[in-house]
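Trainee: I've just opened this one and I'd like a close look at a single part of it. Could you walk me through it slowly?

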Amino acid sequence: MKFIFFEFGKYSLSTLIAFCFDILTLFLLTEIFSFHYMISSLVAVSIGFTINYILNTKWVFKNRRFKKNIILEYNLMVLISIGTSLINIILIWILTELLIIYYILSKFIASIFSFILKFFLKRIFLFSHRV
């Protein structure tokens, strides 16, 4: 059990590092290089995601189920991220519209839930030797 907390801590730090690269790229491309913010955002998310992938595979998780098929591994990671993002959006809507929770608090709750969900989905489906 102690190992999973240590792994989760590394996962949290790797996500923060990737997020910093994401924000920095967004800012630089938009403010310095005058790209439209949506184009900048697409590039920034891609860079942040790739950094997160590299940190996850090289530092956070010891086991890699698809180590010999990096393209499959990367694409599965993308699918997990898209799926958890959709869950995040739906959960924000449910909390805000149906449970009448302030939308910022809804976002916070949904983000914590989807962050933890994404960790376990990655750990189970990508970074373990068993299903």
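Leaving aside its neighbours within four places in sequence, which residues is Ile92 in contact with? Please start there and then show me how the rest of the chain is put together.

Mentor: Happy to. Keep in mind that this is a predicted model. Ile92 sits in helix H3, and once its neighbours within four places in sequence are set aside, it is in contact with Ser106, Lys107 and Ala110.

Ile100 has a positive phi of about 55°, although it is not a glycine. Is Ile100 buried or exposed? It counts as exposed, because its relative accessibility is 67% and exposed means over 50%.

A second residue of this kind turns up in the loop between H1 and H2, where you'll find Ser34. Ser34 isn't a glycine either, yet its phi is positive, about 60°. Ser34 is exposed as well, with a relative accessible area of 61%. If you trace the chain, you come to Ser34 after H1.

Now step back for the overall layout. The chain has 4 helices and 0 strands, and reading along the sequence gives the pattern α-α-α-α. Its C-alpha atoms fill a box of roughly 45 × 40 × 25 Å, taken along the principal axes. Take the contacts in the chain with a separation of 6 or more: 66% of them come from residues 24 or more positions apart. Of the 131 residues, 30% count as buried.

Let's go to helix H1. H1 has 31 residues and reaches 44 Å from its first C-alpha to its last, close to the 45 Å expected at 1.5 Å a residue. Its buried residues are Ile4, Glu7, Lys10, Tyr11, Ser14, Ala18, Asp22, Thr25 and Leu29, and what covers them includes H2 and H4.

Not counting residues up to four places away in sequence, Glu7 touches Val60, Phe61, Lys62, Phe119 and Arg123. Compare Phe5, which is also found in helix H1: Phe5 is exposed, with a relative accessible area of 58%. The C-alpha atoms of Phe5 and Ser85 are separated by 23 Å, and the two residues are 80 apart along the chain.

Next comes helix H2, residues 37-60. Buried here are Ser40, Ala44, Gly48, Phe49, Ile51, Asn52, Tyr53, Asn56, Thr57 and Val60.

Several of the residues you've met come together in the largest nonpolar core. Its 11 residues are Ile4, Tyr11, Phe49, Tyr53, Val60, Phe61, Met77, Ile80, Phe119, Leu126 and Phe127. The elements giving two or more residues to this core are H1, H2 and H3, and the largest share, 3 residues, comes from H2. As background, nonpolar side chains tend to be buried together in soluble globular proteins.

With residues up to four places away in sequence left out, Leu126 touches Asn63, Arg64, Arg65, Phe66, Glu73, Leu76, Met77, Ile80 and Leu121.

Notes. Residues are numbered from 1 along each chain as its sequence is written. This is a predicted model: local features need pLDDT of at least 70, side-chain atom pairs count only at pLDDT 80 or more; totals for chains, interfaces and linings use all residues. Side-chain values use heavy atoms; hydrogens and water are left out. Buried means under 20% relative accessible area, exposed over 50%, partly exposed in between (1.4 Å probe, protein chains only). Contact means heavy atoms within 4.5 Å. A nonpolar core is a set of buried Ala, Val, Leu, Ile, Met, Phe, Trp, Tyr and Cys residues joined through side-chain atoms within 4.5 Å. The expected span of a helix is 1.5 Å times one less than its number of residues.
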